[in-house]
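Student: Hi! I have a new structure to look at. Could you walk me through it?

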Amino acid sequence: MRSTITSVWSLTNRFLEWFGDLGFFAWQVLRSAVRRPFEGRELIRQLDEIGSRSFPLVALAGAAIGAVLALETRSSLVQFGAKSMLPAAIVFSIIHETGPVVTGLVVSGRVGAGIGAELGAMKVTEQIDAIEASGVNPYKFLAFTRIVACILMLPLLTLAADFSGVMVGWIANTLVEPISFHKFIHQGLAGTSFNDFLAPTFRTSVFGLIIGMIACFQGMRTQGGTAGVGLSATSSVVLSSLFVILADVILVKVILVFFS
Amino acid sequence: MMLPEQEVLPVVEQTREASIESFAASDAPAITVRGLHKSFGSQIVLNGIALKVGSGETLAVLGRSGTGKSVLLKLIIGLQTPDSGSIRIHGQEITRLDLDALNEIRKKMGFLFQHAALYDSLTVEQNVAFPLKRHTKMTDSEQRDRVKELLAAVDMEADLEKMPADISGGMQKRVGLARALALEPAILLLDEPTAGLDPITSGEIDELILKLQEEHDMASIVVTHDLHSAKTIADRIALLHDGNVLIEGGFDDLAKSTDEFVSDFLKRDS
């Protein structure tokens, strides 16, 4: 019993310590953000690295979701005689939930692991120390640019996932029962407003903040050589995915309250 | 009367400019360390260490592994903060400076890391240009010329386009030196410049450091295990033991010492 209490206490302590360190890290990044220089070149490099290079994977994931939704939902709706609802079910599902969450999780995997491993390797090979020793703020140069790039790129990547999902959903639907794209979209968007589209897409900026912040934090606190780098990459993916899912639950509630 | 627009600096900039001017003109020793303590958990690494390095002088810091030699360098450049004690750079206390002021001091210091710490996503040329891009108003062509000049000084001008992973350890050290010298520092800190290199390459690095010191007249601290290298490049040697300076002076002073640890240390290397 005592050992259980001790291990729960130790786990709680480590969790609180991690949160405290994350808060301090976020404060350092925020403080560096308001100081010159604004690292425009590095930000553009990161926008390309995080945005353009994630595009194919995100579009492919969106397409897969579109196809699966079309095939799975069709049989259910046919059973209930609501086949005409299929375009609306696909479009609504992709735009509202599946597109943003799949994009968040795919980017957590690709970008979270990439940032965690890259910054982790830089930490253990003293490259981050070298940046600091040359009078450059690593919180600004390395962390701020990556976090901002994640925040800006996630909504755009979500649009790509939404688009490819809807397109492939239409193609999968058409292969079974031909329908024009115009009619598909018209039925799909019936009864939806701009807010239905805007809020879910832009909530992925919060996912971007979470992914960028956690991956940079885990990377820049790496210890212990190559094993530490591996651990940072893994923990970046696991923690950012976990917090993206948690944030999704909270943000869905917030969106329902304020935008419905 | 109003000054022309370009001569009016913001207050912060005026203070900074004045600080840099006084930094360069100061008669105080380049580096003064007093009563420096640093512990990691229960492990005491530095226990009240005191050192002075004058302008144009080179001090070699020797000692067993884990005696805090590299920690000392990292404290001097502000990468770590001491538990207590004072570090003055040209008379200016740096342990209580805010980040912006510390970065101004860092621009006047060059640091060669033990494994060179080149940015592995950048080419050799981009590595050396990194501090120039950040801290100077040089045009791209001026930067290129300066990088070529720096790389020529370390015999690496033929490898501009190579990535750090494609060059040897000795070449990485040379590029690291060129990067450390990019902003013409008044102080050079070298962390084990010959570690992991064969004797011939070590000799070449020593000669290079000597040549650069003569050309640039910098105050230097060289942390090393290599006694031969220390004899070649340093004016004075400080031997660390138990977190403090056990003996400091010329190599002859160390050789004459009757202290058992000093004798053992010198014997092991001879």
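Student: What share of the contacts in chain B with a separation of 6 or more comes from residues 24 or more positions apart?

Tutor: They account for 66%; two residues are in contact if their C-beta atoms, placed from the backbone, lie within 7 Å. Do keep in mind that this is a predicted model, where local features need pLDDT of at least 70 and side-chain atom pairs count only at pLDDT 80 or more, while totals for chains, interfaces and linings use all residues. Residues are numbered from 1 along each chain as its sequence is written, and chains are lettered from A and ligands numbered from 1 in the order in which they are written.

Student: Thanks! How much of chain B is buried?

Tutor: Of its 270 residues, 39% are buried, meaning 20 or more other C-beta atoms lie within 10 Å of the residue's own; exposed is 12 or fewer, and partly exposed is in between.

Student: Where is Thr136(B)?

Tutor: Thr136(B) sits in the loop between helix H4 (124-135) and helix H5 (140-153) of chain B. Helices are DSSP runs of H or I with at least four residues, numbered from the N terminus.

Student: Why does Thr136(B) count as partly exposed?

Tutor: Because Thr136(B) has 15 C-beta neighbours inside 10 Å. Its C-alpha atom is 8.4 Å from that of Leu183(B), 47 residues apart along the chain.

Student: New topic: how many residues touch between chains A and B?

Tutor: Chain A brings 11 residues and chain B brings 15.

Technical notes: Helices (H or I, at least four residues) and strands (E, at least two) are DSSP runs, numbered from the N terminus.
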